[in-house]
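Here is a friendly tour of the voids and helix packing in one protein model. Please have your viewer open as you read.

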Amino acid sequence: MQNYYLTDNLDLDKPDPIILGIESSCDETAAAVIRGRKILSDEIASSATVQAQFGGVVPEIASRAHTDAIAQVVDNAVKNAGITYADIDAIAVTYGAGLLGALLVGVSFAKALAFSLKKPLIAVNHIRGHLAAAYLDAPQLKPPFVTLLASGGHTAILHTKSESEFEILGATLDDAAGEAFDKVARVLGLPYPGGPHIERCAKEGEANVPMPKMLKGLGGYNFSYSGLKTAVINYCHTKTQKGEEYSKADVAASFQSAAVDILVEKTVEAALEKGVSTVTAGGGVAANGYLRAGLEKACKKAGLQLVLPERRYCTDNAAMIASEGLVQYRLGNFAEMTLTAKASIPLAATLETVQSRRAADKGSK
Ligand code: KG4
Ligand code: ZN
């Protein structure tokens with residue numbers, strides 16, 4: 001079924017269209033409204049505290065929590081933005097990647113809302129959302145730039161050539177950085193999600209526990225986190241078996257610096273090699289204070305401009321989905337009403353150049 005609300009007079013060049021973003025790919029039910037790149041509202045209901053009792057995300061609990069929360073979260077986002085539903089120009093929703101049952105709640109809700117309001121629907125890839133977070137409240141930001149993407153599922157360095165065209169310069173060969181943070185946190189007895197807890201714990205310690213240097217040895221802009229994770233696990237287990245005490249804070253600080261320093265180093269190296277003048281970052285790990293400070297220092301030294309999304313727009317949120325929605329809106333890339341959720345989308349496929357309706361239209365004229 002076609003998205004028949006795409007009227008002929010839909011103005012893709014409208015200055016500052018109002019986009020409602022909806023996100024439900026994991027344990028956060030989120031909705032946000034943006035006008036152009038300006039954030040008007042940003043609502044999040046999280047089942048993370050419930051999930052923490054299980055040491056990770058239980059998909060069924062997440063889906064149920066989304067179902068309970070979504071109508072209210074969306075309504076709050078619209079009201080707190082100071083707009084009415086009629087003012088919305090398009091509804092952008094995360095359709096993948098993520099937990100299928102969780103995604104379906106957001107996708108079904110967005111489709112029903114688009115249908116009832118007669119508004120165009122935009123399908124947003126979650127990872128593209130993380131990349132587009134840098135545009136929020138940053139009207140001056142324009143590609144080309146180099147982007148560090150570091151989340152729970154991905155770690156990569158990208159050359160962002162235009163808002164819709166990316167080249168992957170390197171990526172993790174095994175675990176994602178966020179995944180390593182979560183696994184190390186578990187070994188240290190810290191709650192899920194581990195990243196913020198490791199960051200807090202590391203502040204009390206010194207980076208004096210030897211960590212493997214293997215990260216440095218990898219060619220190009222690739223990463224590997226499984227060796228680092230295993231080294232931490234082995235260190236803790238050996239100490240425990242010998243009945244020796246060890247400082248969790250020192251382990252956290254040592255792991256954090258090994259995991260993060262390499263991200264900073266390679267991102268700046270890539271920016272210099274590509275000859276861009278700006279660096280951005282996105283994904284949950286980009287909320288890490290040690291990483292943010294490291295990027296700031298290294299970019300300053302290299303004469304690069306750094307544009308970092310606020311911490312809350314690095315972890316999962318709906319403003320970033322609306323931000324990518326705006327990119328797709330400008331391209332005239334709207335979804336059909338047959339849109340469904342996708343549990344996985346490979347990074348390379350995620351970042352292909354969008355074949356825009358606008359470009360296709362031009363080609364046929
Ligand atoms: O981007 P995100 O919210 O969800 C995914 O799309 O994966 O990233 C979640 C990941 C988790 O692994 C979490 O531990 C990590 O980001 N994270 C952090 C911090 N905040 C979240 N890692 C390090 N330091 C943080 N402050
Ligand atoms: Zn995410």
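Predicted model: local features only at pLDDT ≥ 70, side-chain atom pairs only at ≥ 80, totals over all residues.

The buried residues of α6 pack against α5, α9 (248-274) and α10 (289-302). Those buried residues of α6 are Gly194, Gly195, Ile198, Glu199, Cys201 and Ala202; buried means under 20% relative accessible area, exposed over 50% and partly exposed in between (1.4 Å probe, protein chains only). Helices (H or I, at least four residues) and strands (E, at least two) are DSSP runs, numbered from the N terminus.

Residues are numbered from 1 along each chain as its sequence is written, chains are lettered from A and ligands numbered from 1 in the order in which they are written, and side-chain values use heavy atoms, with hydrogens and water left out.

Helix α5 also has a partner in α8. The axes of α5 (residues 177-187) and α8 (residues 226-241) come within 10 Å and cross at roughly 5°, and the two helices are therefore roughly parallel to each other (the term covers angles under 35 degrees). On the α5 side, Lys183, Val184 and Val187 meet Lys229, Val232, Ile233 and Cys236 of α8, where contact means heavy atoms within 4.5 Å. This contact involves five nonpolar, no polar and two charged residues.

Now for the voids. On a 1 Å grid over the protein atoms alone, a cavity is a set of points where a 1.4 Å probe fits but cannot get out, while a pocket is an open set with protein on both sides within 12 Å along at least five of seven lines; lining residues have an atom within 4 Å of a point.

| Void | Volume | Lining by class |
|---|---|---|
| Largest cavity | about 40 Å³ | five nonpolar, two polar, two charged residues |

Of the 41 residues lining the largest pocket, Ser151, Gly152, Asp182, Tyr192 and Asp316 are the closest to its centre. Helices α4 (126-132), α5 and α6 (194-202) each supply at least two residues of that lining. The lining of the largest cavity includes Leu131, Ala132, Phe145 and Thr147, and the elements giving two or more residues to it are α4 and β6 (145-150).

Beyond its neighbours within four places in sequence, histidine 126 is in contact with residues including Glu23, Thr94, Asp316 and Met320.

Note on methods:
Axes fitted to C-alpha atoms, helices over the stretch in contact; angles between N-to-C directions. Parallel < 35°, antiparallel > 145°, perpendicular 65-115°, else oblique. Nonpolar A, V, L, I, M, F, W, Y, C, P; charged D, E, K, R; others polar. Points joined across faces, edges and corners; volume = space filled by probe spheres on them.
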